[in-house]
Amino acid sequence: MTTLEIKNLHVSVETDQGSKQILRGVDLTIKSGEIHAVMGPNGSGKSTLAYSVAGHPKYEVTDGQILLDGEDVLEMSVDERARAGLFLAMQYPVEIPGVSVSNFLRTAKTALSGEAPKLREWVGDLRDAMGNLRMDSDFTERNVNEGFSGGEKKRHEILQLELLKPKIAILDETDSGLDVDALKVVSEGVNRAHADNGLGVLLITHYTRILRYIKPDFVHVFVAGKVAEQGGAELAERLENEGYDRYTKAAV
Amino acid sequence: MAAQHGLEAHSHGNVPIQTRSERPRSTSVSDFPELSNRQEIWRYVPLDKLSGLDKEVMGELTESEVTAELASGTSMRWVDSTDPLVGSAGLPEERVSAAAWTNASKTLVIEVEAESETTDASFLKIAPNTAEAKALHVVVSVGNHAKATIALDHLGQGVLGENVEIVLGDGAQLNFVTLQEWESGSTHVSTQFSKLGRDSSLKHVVVTMGGDLVRVVPAVSLSSAGAEVNMYGVYLAGSGNYFEHRPYVDHIAENCVSNVAYKGALQGAGAHTVWVGDVLIRESAVGTSTYELNRNLLLTDGARADSVPNLEIETGKIEGAGHASASGRFDDEQLFYLMSRGIDEDQAKKLVVRGFLSEVIQKIGIESIEQRLISAIEAELEKAGA
Ligand SMILES: Nc1ncnc2c1ncn2[C@@H]1O[C@H](COP(=O)(O)OP(=O)(O)OP(=O)(O)O)[C@@H](O)[C@H]1O
Ligand SMILES: [Mg+2]
């Protein structure tokens, strides 16, 4: 059983006009096996929250805490956080020229488990995971995210989620830019990781569409850098119908 | 026809390449002025590190300092430099090349028999192991329709002024590699002239990993129709290294193809690399296709990469011509992505640098050199803990 606690998190970024505060006291707790959806308007700070948990150097935590089973995540480097069991499926995964998917995945797996995976087993796992996500086998010879379509990038993120087996995953708009078929395939991947490894999920999205395939236990409305309201799956339906007007007006 | 954009933008401040083709050629040192940073071709070079290579008199490399491992169909011999083979691909255009030329009384000839074909590489180790300035002249001659791979490996400590002539017969295919793996305290200026026969194809690879001052100037003259040249370069410069590469392609005949791609990584204070890529497409070079590229990755502060592509086109009747040049810092987003998957910073950097250089490394086509290069890169990154 793993617990990720985000407490009173305040985060700023450095801009040309000086420091800009984006997160203003976020409180969230995610446990193994739970699925949390975070919904909110553009620019409300959802990606900032995701990056801050993963430890992106651009974001400065000015107040608050992030704890993983009581351990201070803010003290950990980016790779230590991953090795502690955190995973971020990125909204815009970056290209890494000259580094093949196969080399990348094997290096990551080795780093996370502390030893190189047994070749035969690894090849099998990789083939199965790619088959499940309907990815061509020659995909592994391509360079990481280079020339990938939007859908391929997202499948590649979920492929990593399934192979690297984290304890808690943050999925930043994994659904955006996917057609219905791809959305189903990707959702199945998340559901498999959830069912097989007891993954805890924080799912960032704009749309309820994905919530038809991945059933959230909790829904959080994110506005102006903090959680404005929380509820169950029914809250998502309400947001879909009513939008965020109610919250954004209140926040101003 | 592809874009000629950026032509003016890149050419200003430099001597037009066309005048390069009109430079005086001579084997006599006194025909050229003393070196100065005011001359375009020496403008970046730390002249105090030349260690005597611009002097009228110097020693010459002897047979014992060159060891060879030759593939079938390839032979090697030393001849007097009065041999008609000498000078068949080009003549010196500046003082250091002229000094190396006149001081080499013997010439090393590497000959590939016409129509012989092998995938095995011939390796020549050039290891002077002295701080005294020395001259060397090499002629590589590949017979008609022959196919060969030849690597010149420069290592140890040395001060070497070198001219390399490469002559390809009709339909010949040569994979030529020049490696500069000098220890510190070394200076090496290599001027290379290539002349390509009809429908021949040259792959010219430059790998520079060590030396206080290394300057490689490979010129390729495409004077027979249908010839193709691919010029690749990889370099890794650390503190105390000055590496300069000046590839030059002279398109004279019709329907020739040239492709130039150099990539370098720099780390450490004072690491300095210079790349000047000249491509001249003469009026007679109808149907030319050319592309040149140079990219540099700066791993730390205090390193400097100069990159100047020059493309000069005298005919509108070409297939395509383009160039690209960029030097940039380590991409934090790439490191973040890799580290967010549990890969530690050192390893993430290695992956990024290897990936960056691999596009060119993969083109070398000699497995043992590719592997050595990758290990050398890793060792270098390890050393500085970049
Ligand atoms: N590096 C930065 N420099 C300046 N402003 C930034 C930076 N990063 C984020 N911001 C700003 O912070 C705010 C929150 O951005 P963030 O990307 O977290 O929003 P989001 O909720 O993920 O939006 P979206 O739904 O569009 O993905 C935005 O106003 C954004 O412009
Ligand atoms: Mg976002």
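Colleague: In which strand of chain B does Asn294(B) lie?

Modeller: Residues are numbered from 1 along each chain as its sequence is written, and chains are lettered from A and ligands numbered from 1 in the order in which they are written. This is a predicted model, in which local features need pLDDT of at least 70, side-chain atom pairs count only at pLDDT 80 or more, and totals for chains, interfaces and linings use all residues, while side-chain values use heavy atoms, with hydrogens and water left out. Helices (H or I, at least four residues) and strands (E, at least two) are DSSP runs, numbered from the N terminus. On that basis, Asn294(B) lies in strand 18 of chain B, residues 289–298.

Colleague: Is Asn294(B) buried or exposed?

Modeller: Buried means under 20% relative accessible area, exposed over 50%, and partly exposed in between, with a 1.4 Å probe and protein chains only. Asn294(B) has a relative accessible area of 0% and is therefore buried. Asn296(B) is also placed in strand 18 of chain B, and its 3% relative accessibility is why it counts as buried.

Colleague: What does the side chain of Asn294(B) reach?

Modeller: A polar contact is a pair of N or O atoms within 3.5 Å; within protein, one must be able to donate a hydrogen and the other to accept it, and residues adjacent in sequence count only if both atoms are side-chain atoms. Here the side chain of Asn294(B) reaches the backbone oxygen of Tyr262(B) at 3.1 Å.

Colleague: How does strand 16 of chain B pair with strand 18 of chain B?

Modeller: Two strands pair if DSSP finds at least two bridges between them. Strands 16 and 18 of chain B pair in the parallel sense over 10 bridges, and Ser258(B) has Thr290(B), in strand 18, as its bridge partner. Strand 13 of chain B (residues 228–237) runs parallel to strand 16 and is joined to it by 10 bridges; there, Leu236(B) is partnered by Ala265(B) of strand 16. Strand 16 itself (residues 257–266) has 8 of its 10 residues buried, so it is largely enclosed by the rest of the structure.

Colleague: Which strand of chain B pairs with strand 17?

Modeller: Strand 17 (residues 272–281) pairs with strand 19 of chain B in the parallel sense, over 10 bridges. Within strand 19, Pro309(B) is the bridge partner of Gly277(B). Strand 19 (residues 304–313) is mostly covered, with 9 of its 10 residues buried.

Colleague: Turning to the ligands, which residues come nearest to ligand 1?

Modeller: A residue is near a molecule if one of its heavy atoms lies within 4 Å of it. Of the 17 residues around ligand 1, the nearest are Gly43(A), Lys46(A), Ser47(A), Thr48(A) and His206(A). By class, this shell has 4 nonpolar, 9 polar and 4 charged residues; Ala, Val, Leu, Ile, Met, Phe, Trp, Tyr, Cys and Pro count as nonpolar, Asp, Glu, Lys and Arg as charged, and the others, Gly among them, as polar. Helix 1 of chain A gives the largest share of the shell, 3 residues.

Colleague: Which polar atoms approach the oxygen atoms of ligand 1?

Modeller: An N or O atom in the side chain of Lys20(A) is 3.3 Å from an oxygen atom of ligand 1. From the backbone, a polar atom of Gly43(A) is 2.9 Å from a ligand 1 oxygen, and an N or O atom of Ser44(A) lies 3.2 Å from one. Taken alone, ligand 1 exposes 640 Å², of which the protein buries 70%; such areas come from the Shrake-Rupley method with a 1.4 Å probe, and for residues only the protein chains shown count as cover.

Colleague: Where is Arg134(A) found?

Modeller: Arg134(A) is found in the loop between helix 4 (119–132) and helix 5 (150–164) of chain A. Its phi is near 55°, a positive value in a residue other than glycine. With a relative accessible area of 55%, Arg134(A) is exposed.
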